[in-house]
Amino acid sequence: MMITELENIQDCISKLRNHQSILDKKNISETHKSIGNSVASSVYFSNESKQQQTAIKIGDDTAAIPQADGSHLLFAAEGIIENFLNADPWFAGYSAVMVNISDICAMGGLPIAVTDTIYSKNAEDSVQIWEGMLAASEKYGVPIVGGHTCYHSQNKALSVSVMGKATQNLLTSFDAKPNEKLLLAIDQNGAYYKEYPFWNASTTSNAKKLQEIVRLPHQIANKNLSNVCKDVSMGGVIGTIYMLMNTSNIGVEINLESITKPDSVLWEKWLVSFPSYGYLFSCSEENVAEIQSIFSKKGINCDAIGTITSQKELIINYKEQKIKF
């Protein structure tokens, strides 16, 4: 019996429901349950201004810490699993810097500097990791300013932290509102990196382009075109939508046919892929065209893929079918 296109989509969605990366993102709030949804600013700055005493929300990939002048200090960190470090140390080092920069950009900020923590058996064992980190640092124009190194460890380990700054016009994942449009911007000028579910448009790009596109979410924030952004990470588009649903306490309805993907890539793979440059935005309908124009001028594809809803569920439309994820 011939399998129809719709049956293929339904089978794809059925498989994605049990994809480990998506399940991890659906349950992401468990990771900060012991801290809560917000914390107070440092006691050492509590008298600096009333704004300084504002609670710091927890749930974004980057902490946004209010400053006395109305701006925000941004702080984030990423750890790299040992299997990745052993299998591809150069790319693991590169990725550690790259994904931290994406976290800063998703807040409407610009990166200032990164630090690192490396554990390895000896100095030679960490050379490729360092080369990867330095390559990303130079391409993105963000310096590595310090960290911690241990050359007497039985196992490899790497974590990288990043600082950035945003103006008062912050992008977060807390403020998506029903009836706003959901946009997906991905740099599709790349290819999959080896066997990983990673769409690489970074290592093959030049520094000028990378440093230009880093600024685009910052530009969108400061033109007041959007208040909401989330960078697409592990778990891909679907997993990232679930994180946005969790922090904004909303639902999402997307149209699968509105999402642009490479012709040779199956939906099952594309929807959970981790792009080197990928962001979700929500905005009012009148701002959609201008945001799309900002990206298209730099060769970045930006699709209006759906709508924010009040019902906390993900609905995927395909042709005339509505499929609850």
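This is a predicted model: local features need pLDDT of at least 70, side-chain atom pairs count only at pLDDT 80 or more; totals for chains, interfaces and linings use all residues.

Reply: Helix H6 spans residues 207–214, and its buried residues are Lys209, Leu210, Ile213 and Val214. These residues cover an arc of only 135 degrees around the axis, so they sit on the same side of H6. They pack against four elements: helix H4 (89–105), strand E5 (110–119), helix H5 (127–140) and helix H7 (216–222). The N-terminal end of H6 is capped by asparagine 206. There, a side-chain oxygen of asparagine 206 lies 3.2 Å from the backbone nitrogen of lysine 208.

Two of these packing partners, H4 and E5, lead on to the sheet. H4 lies across E4, E5 and E7. Its direction runs at about 30 degrees to E7.

The sheet itself is open and has 5 strands. Their order is E3-E4-E7-E5-E6, and the pairing is mixed. The edges are strand E3 (63–66) and strand E6 (144–150). Each has a single partner strand, so one side of each is left without a neighbour in the sheet. From one strand to the next, the twist averages 15 degrees. Isoleucine 65 has leucine 73 in E4 as its bridge partner.

Is serine 161 buried or exposed? Its relative accessibility is 16%, so serine 161 counts as buried; the cut-off for buried is under 20%. Leaving aside neighbours within four places in sequence, serine 161 is in contact with Phe75, Ala76, Ala77, Asn100, Ala113, Val114 and Thr115. One of these contacts is polar: the side chain of serine 161 meets the side chain of threonine 115 at 2.4 Å. Glutamate 78 is 83 residues away from serine 161 in sequence. In space, the C-alpha atoms of serine 161 and glutamate 78 are 6.4 Å apart.

Last, the cysteines. How many disulfides does a search of the whole structure find? The search finds 0. Cysteine 105 is in no disulfide. The nearest cysteine sulfur belongs to cysteine 229 and is 8.7 Å away, whereas a disulfide needs sulfur atoms within 2.5 Å. Cysteine 105 is buried, with a relative accessible area of 1%. Cysteine 12 also counts as buried, at 5% relative accessibility.

Methods: Residues are numbered from 1 along each chain as its sequence is written. Side-chain values use heavy atoms; hydrogens and water are left out. Buried means under 20% relative accessible area, exposed over 50%, partly exposed in between (1.4 Å probe, protein chains only). Helices (H or I, at least four residues) and strands (E, at least two) are DSSP runs, numbered from the N terminus. The arc is that of the directions from the helix axis to the C-beta atoms. Contact means heavy atoms within 4.5 Å. A polar contact is a pair of N or O atoms within 3.5 Å; within protein, one must be able to donate a hydrogen and the other to accept it, and residues adjacent in sequence count only if both atoms are side-chain atoms. Two strands pair if DSSP finds at least two bridges between them. Axes are lines fitted to C-alpha atoms, for helices over the stretch in contact, and angles run from 0 to 180 degrees between N-to-C directions.
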